[in-house]
Amino acid sequence: MHIVIVNRWPRFDDGIRWDNELTRYEEFIDHDANQVSYVVDGPGAQGVLADPAKIACQVQVGDVNDVDALRAAVEVIIDRVGPIDELLALSEFTLEIAAKVREDLGIPGPDRDEVAVYRDKVRMKEVLDEAGIRVPRFASCTSAEQVRAFAAANGYPLILKPVAAAASIGVRRVDNDAELADALSNLELDGYEVEEFIAGEIYHVDGFVDDDSHVAFQAVSRYINDCLSFTHGAPLGSVLMSPSPRRKLIEDFSQQIATTLGLRRLPFHLEVFVTPAGDPVFLEVGGRVGGAEVPHLLYRVFGVNLYEMFLRVLSGGPVPPIPEVVDSSGGWLIMPKSAAKSERVVRVASMRDQVPIVWRELLPAQGQVLAPGGAYDALHRGRFILLHEDEHVVEAGIRKIIENFDFEAESL
């Protein structure tokens, strides 16, 4: 097979950063039995650690998420190496772009219609709603008038979100007419949707589905705070749930979502509301490995590397066997940096002495400058992974870090 991997993620060899360490292309795809080529951008070039002699072709572009640049790079690879059997992209931001390139160049694999059910937030809810699965009331943002009509019919709060973004990027909660007027004057509505606000706890489910849309593995976690609050500066974390009726409810709902959407041979990251009445409500799903510290925690607790499963399947292998899972718990926490201003670290203290169940801790150095914003895998004020068999002990540890985190910075 000729396999082309699109990579935008670096890997680090400083012994400090663990981001993307599980995306070991050189280990999970046989570079001797297959012709393996890469398209990378600047950071992505740092994530390709295969022996250069075993790489059929590597093309670097300015941004792998530029569809024209990606298409041109793939055309170069076809010209130099030959037809492509698989074009692989693991990043959520690249899934739809890679699907477009497959369509344009006649490469086998998921097309945009197939990707839409786990990428387009309107399409996924349309499919589920038609099947009778509860989703928030929603509509595409075709015009400001349409959004105002939705607000008049459904009331506040409401949520405006991009149909194809991730990590709550671009999402806005609107609580009244004045906030809606402000949002409509500042947002380009093309590519947005509007949906009702659902009150309740938010959970995420991370797993893998096989050829028959059966969930071969899944782990249910409860968020501490939420992704939207994180974009406004609140800490974000989650805790792996122990066996309980609530966890079983969410696991069954997860299987129902996978079956209805026809998810096959891929990892997934599902987010679910559970209302105060105890009813599950679909939030959204991604056909990719969960972000933040999710894959690292699952690998440490359960021995399941979702990246490995995905890469082995995409390169023509069977769904790898799931290790015998022993129920345990763990969690993660991100203390975000400023979203608006660069800041220089004046003081930051380790939390390991106060919270001994911290397994991994990533802190910036004194004097280091933190650029504003960034996704969950950026260098923030603090990132932590905690391990303990009792979910209540894990949650207590996360809340202790939030309450006692010792950090000082000066704005630049």
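L297 sits in helix α11 (residues 294–302); helices (H or I, at least four residues) and strands (E, at least two) are DSSP runs, numbered from the N terminus. This is a predicted model, in which local features need pLDDT of at least 70 and side-chain atom pairs count only at pLDDT 80 or more, while totals for chains, interfaces and linings use all residues. Residues are numbered from 1 along each chain as its sequence is written, and side-chain values use heavy atoms, with hydrogens and water left out.

L297 has 2% relative accessibility and therefore counts as buried (buried means under 20% relative accessible area, exposed over 50%, partly exposed in between, with a 1.4 Å probe and protein chains only). Leaving aside neighbours within four places in sequence, L297 is in contact with L240, G330, G331, W332, I385, L386 and L387; contact means heavy atoms within 4.5 Å.

## Chain and domains

The chain holds 13 helices and 19 strands. For 412 residues, a compact globule would have a radius of gyration near 22 Å, and the chain agrees with this at 21 Å; the radius is taken over C-alpha atoms, and the globule rule is 2.2 Å times the number of residues to the power 0.38. Along the principal axes, the C-alpha atoms fill a box of roughly 55 × 55 × 50 Å. Of the 412 residues, 53% count as buried. Among contacts between residues at least 6 apart in sequence, 66% join residues at least 24 apart.

The chain is divided into domain 1 (2–109), domain 2 (137–196) and domain 3 (201–411), with bounds that come from an automatic or database domain assignment. The centres of domain 1 and domain 3, taken over C-alpha atoms, are separated by 25 Å. Contacts between these two domains involve 21 residues of domain 1 and 23 residues of domain 3.

## The antiparallel sheet

An open sheet of 8 strands runs in the order β13-β12-β9-β10-β11-β14-β18-β16, with antiparallel pairing; two strands pair if DSSP finds at least two bridges between them. The edges are β13 (280–286) and β16 (358–362), each with a single partner strand, so one side of each has no neighbour in the sheet. Neighbouring strands are turned by 20 degrees against each other on average, direction ignored. Strands β11 (residues 236–240) and β14 (residues 330–335) pair in the antiparallel sense over 4 bridges, and L236 has I334 in β14 as its bridge partner.

Two helices that pack on this sheet are α10 and α12. Helix α10 (residues 245–261) touches β9 (201–209), β10 (215–224), β12 (266–274) and β13, and its direction makes about 125 degrees with that of β10. Helix α12 touches β9, β10 and β12, at about 40 degrees to the direction of β9. Axes are lines fitted to C-alpha atoms, for helices over the stretch in contact, and angles run from 0 to 180 degrees between N-to-C directions.

## The parallel sheet

A further open sheet has 4 strands in the order β3-β2-β1-β4, with parallel pairing. Its edge strands, β3 (55–60) and β4 (86–89), each pair on one side only. The twist averages 15 degrees from one strand to the next. Strand β1 (residues 2–7) pairs with β4 in the parallel sense over 4 bridges. I3 stands opposite E86 in β4, and the bridge partner of V6 in β4 is A89. Helix α4 (residues 92–105) packs on the sheet, touching β1 and β4, and its direction makes about 165 degrees with that of β4.

In a regular strand the side chains alternate between the two faces of the sheet. In β4, E86 and L88 point one way and L87 and A89 the other way, and all are buried.

## Nonpolar cores

A nonpolar core is a set of buried Ala, Val, Leu, Ile, Met, Phe, Trp, Tyr and Cys residues joined through side-chain atoms within 4.5 Å. The largest has 100 residues, and those with the most contacts inside it are Y38, L263, F282, V285, F384 and L386. Helix α12 (residues 306–314) gives the most to this core, with 7 residues. Domain 1 and domain 3 both give residues to the core, so it lies between them.

Leaving aside neighbours within four places in sequence, V285 is in contact with V117, Y118, M124, L261, L263, F268, H269 and L270. A second, separate core of 18 residues includes V6, V74, A98 and V101.
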